[in-house]
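Subject: Structure handover

Hello,

Here is the structure for your files. My notes on it follow below.

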Amino acid sequence: ISISSERIQLRIAQERDILKILEMYFEDDAFKFMNLMQGLDLAQYKSFIEKKINDNKSGDAFYWIIEMVTCNTFIGAINYSGLAGGTQMQIGWQVLGKHRKQGYAQEAADLALDFLIDKHDVQVVYGLHEQGNNASKKIFANLEFEELSQYYRNGLKFHKYIKRLNKKAQG
């Protein structure tokens with residue numbers, strides 16, 4: 001499954017993408033606002049990525065690679081997957097440091113949301129970010145997510161958002 005705009009494309013992650021994703025995971029600030037992912041070793045990160053790739057096969061969850069349309073340059077990844085401990089589905093993204101602050105995460109999220117509405121008739125999507133992640137907070141606002149709640153987990157404060165998707169209202 002490939003989805004594209006003029007600048008970027010989302011492509012379902014495959015085994016061939018593991019090294020690119022791992023390189024992103026080992027950037028100095030890769031998990032600055034994802035404390036639960038900090039400090040894992042190579043095997044743990046690889047296992048996490050492999051699980052995401054396997055989840056793609058079910059069709060119930062998606063883990064896409066974000067690439068530039070013109071040259072297939074790796075920008076980052078975006079996922080639609082279950083929130084821990086429940087049936088609610090969330091959207092989340094991660095972009096390489098050198099590609100941040102250029103609108104790629106929001107553009108990828110727009111593409112993913114359109115796909116979820118058009119191809120899977122998804123009605124509700126959730127989003128999370130840790131306290132202090134102002135970039136994700138801004139993206140959720142721009143995507144018209146509503147803040148639903150704030151809560152603490154493992155001593156960390158999280159903000160939870162909801163977006164009700166309505167195919168008819170979108171055109």
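This is a predicted model.

On the α1 side, the contact is made by I18, I21, L22 and Y25. The residues they meet in α2 are L42, Y45, K46, F48, I49, E50 and I53. By class, this contact between α1 and α2 comprises nine nonpolar residues, two charged ones and no polar ones.

As for the chain as a whole, it has four helices and eight strands. Read from the N terminus, the order of elements is β-β-α-α-β-β-β-α-β-α-β-β.

On overall dimensions, the C-alpha atoms fill a box of roughly 45 × 40 × 30 Å along the principal axes. The radius of gyration is 15 Å, which agrees with the value near 16 Å that a compact globule of 171 residues would have.

Two further figures concern burial and contacts. Of the 171 residues, 45% count as buried. Taking contacts between residues at least 6 apart in sequence, 61% join residues that are at least 24 apart.

Regards

Terms used:
Residues numbered from 1 in each chain as written. Predicted model: local features only at pLDDT ≥ 70, side-chain atom pairs only at ≥ 80, totals over all residues. Heavy atoms only, no water. Contact = heavy atoms within 4.5 Å. Helix = DSSP H or I, 4+ residues; strand = E, 2+ residues; numbered from the N terminus. Nonpolar A, V, L, I, M, F, W, Y, C, P; charged D, E, K, R; others polar. Rg over C-alpha atoms; globule rule 2.2 N^0.38 Å. Buried < 20%, exposed > 50% of the residue type's maximum accessible area, 1.4 Å probe, protein only.
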